[in-house]
Amino acid sequence: MTGFGHYDRTVAEIEKEIALCCILLGLDWTDEAQVRTLIDGCLRSTSEQHLDMLRAPDKQTRIRGKLFALLALLLDTMRQSAQAGIKATGSRLCQALNRAFIEAYDRLDDSGHSSA
């Protein structure tokens with residue numbers, strides 16, 4: 001089905017929403033430590049926890065839940081793009097997130113956990 005996926009456009013739309021969430025939460029995606037903390041929190045939480053966050057009465061918690069869901073969607077879209085042999089290019093935001101995801105998975109590997 002190569003050619004049917006519009007990965008670059010999808011990644012750009014997801015990035016736009018991620019950037020908005022970062023602004024609303026006061027997160028600086030150019031700060032590697034903040035991005036690392038964000039990705040670690042996302043990877044340590046489950047999809048059920050994301051849903052709980054999305055339903056929370058607190059607006060900041062709902063935004064963080066949306067951000068975590070968007071990060072999972074971005075990761076999945078980038079994975080699908082790679083499996084299709086298409087390199088979806090992203091902005092500097094996407095590149096910073098990708099680096100943080102790779103570092104997080106490397107830390108998991110180094111600690112003896114499976115990254116599969």
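This is a predicted model: local features need pLDDT of at least 70, side-chain atom pairs count only at pLDDT 80 or more; totals for chains, interfaces and linings use all residues.
Trainee: How are two packed helices described?

Mentor: The description of two packed helices uses the angle between their axes and the distance between those axes. Take helix H1, residues 7-25, and helix H4, residues 59-83, which pack at an angle of about 155 degrees with their axes 9 Å apart. That angle makes H1 roughly antiparallel to H4, and the crossing of H1 and H4 is left-handed. The residues of this contact of H1 with H4 divide into 14 nonpolar, 5 polar and 3 charged.

Trainee: At what angle do H2 and H4 pack, and how far apart are their axes?

Mentor: H2 and H4 pack at an angle of about 85 degrees, with axes 10 Å apart, and that makes H2 roughly perpendicular to H4. On the H2 side the residues are Leu38, Ile39, Gly41 and Cys42, which meet Arg64, Leu67, Phe68 and Leu71 in H4. By class, the contact of H2 with H4 has 6 nonpolar, 1 polar and 1 charged residues.

Trainee: Which residues make the contact of H3 with H4, and how do the axes of H3 and H4 cross?

Mentor: The axes of helix H3, residues 47-54, and H4 come within 7 Å and cross at roughly 145 degrees, and the crossing of H3 and H4 is left-handed. From H3 the contact takes His50, Met53 and Leu54, while H4 brings Thr61, Arg62, Arg64, Gly65, Lys66, Phe68 and Ala69. The residues of the contact of H3 with H4 divide into 4 nonpolar, 3 polar and 3 charged.

Trainee: How many residues does the largest nonpolar core have, and which have the most contacts inside it?

Mentor: As a general idea, nonpolar side chains in soluble globular proteins tend to be buried together. Here the largest nonpolar core has 25 residues, and those with the most contacts inside it are Ile18, Ile39, Leu67, Phe68, Leu71, Leu74 and Leu97. At least two residues of this core are supplied by each of H1, helix H2 (32-44), H4 and helix H5 (92-110), and the largest share, 8 residues, comes from H4. If residues up to four places away in sequence are not counted, Ile18 touches Leu67, Leu70, Leu71, Leu74, Leu93 and Leu97.

Trainee: Where is cysteine 42 placed, and is cysteine 42 buried or exposed?

Mentor: Cysteine 42 is in helix H2, and because its relative accessible area is 5%, it counts as buried. Not counting residues up to four places away in sequence, cysteine 42 touches His50, Phe68 and Leu71. Cysteine 42 and leucine 71 are 29 residues apart in sequence and 7.6 Å apart in space, C-alpha to C-alpha.

Trainee: What does valine 35 contact, and which residues are in contact with alanine 100?

Mentor: Leaving aside neighbours within four places in sequence, valine 35 is in contact with Asp28, Trp29, Ala96, Leu97 and Ala100, and under that exclusion alanine 100 is in contact with Val35, Arg36 and Ile39. Valine 35 belongs to helix H2 and, at 5% relative accessibility, counts as buried. Alanine 100 lies in helix H5 and is buried, with a relative accessible area of 5%. The C-alpha atoms of alanine 100 and alanine 33, 67 residues apart along the chain, are separated by 9.2 Å. Valine 35 and phenylalanine 101 are 66 residues apart in sequence, with 9.3 Å between them, C-alpha to C-alpha.

Trainee: Is threonine 77 buried or exposed, and what does threonine 77 touch?

Mentor: Threonine 77 is found in helix H4 and counts as buried because its relative accessible area is 6%, with the cut-off for buried being under 20%. Residues up to four places away in sequence aside, threonine 77 touches Tyr7, Thr10, Val11 and Ile14.

Technical notes: Residues are numbered from 1 along each chain as its sequence is written. Side-chain values use heavy atoms; hydrogens and water are left out. Axes are lines fitted to C-alpha atoms, for helices over the stretch in contact, and angles run from 0 to 180 degrees between N-to-C directions. Helices (H or I, at least four residues) and strands (E, at least two) are DSSP runs, numbered from the N terminus. Angles under 35 degrees count as roughly parallel, over 145 as roughly antiparallel, 65 to 115 as roughly perpendicular and the rest as oblique. A crossing is left-handed if the near helix is turned anticlockwise from the far one by less than a right angle, and right-handed if clockwise. Ala, Val, Leu, Ile, Met, Phe, Trp, Tyr, Cys and Pro count as nonpolar, Asp, Glu, Lys and Arg as charged, and the others, Gly among them, as polar. A nonpolar core is a set of buried Ala, Val, Leu, Ile, Met, Phe, Trp, Tyr and Cys residues joined through side-chain atoms within 4.5 Å. Buried means under 20% relative accessible area, exposed over 50%, partly exposed in between (1.4 Å probe, protein chains only). Contact means heavy atoms within 4.5 Å.
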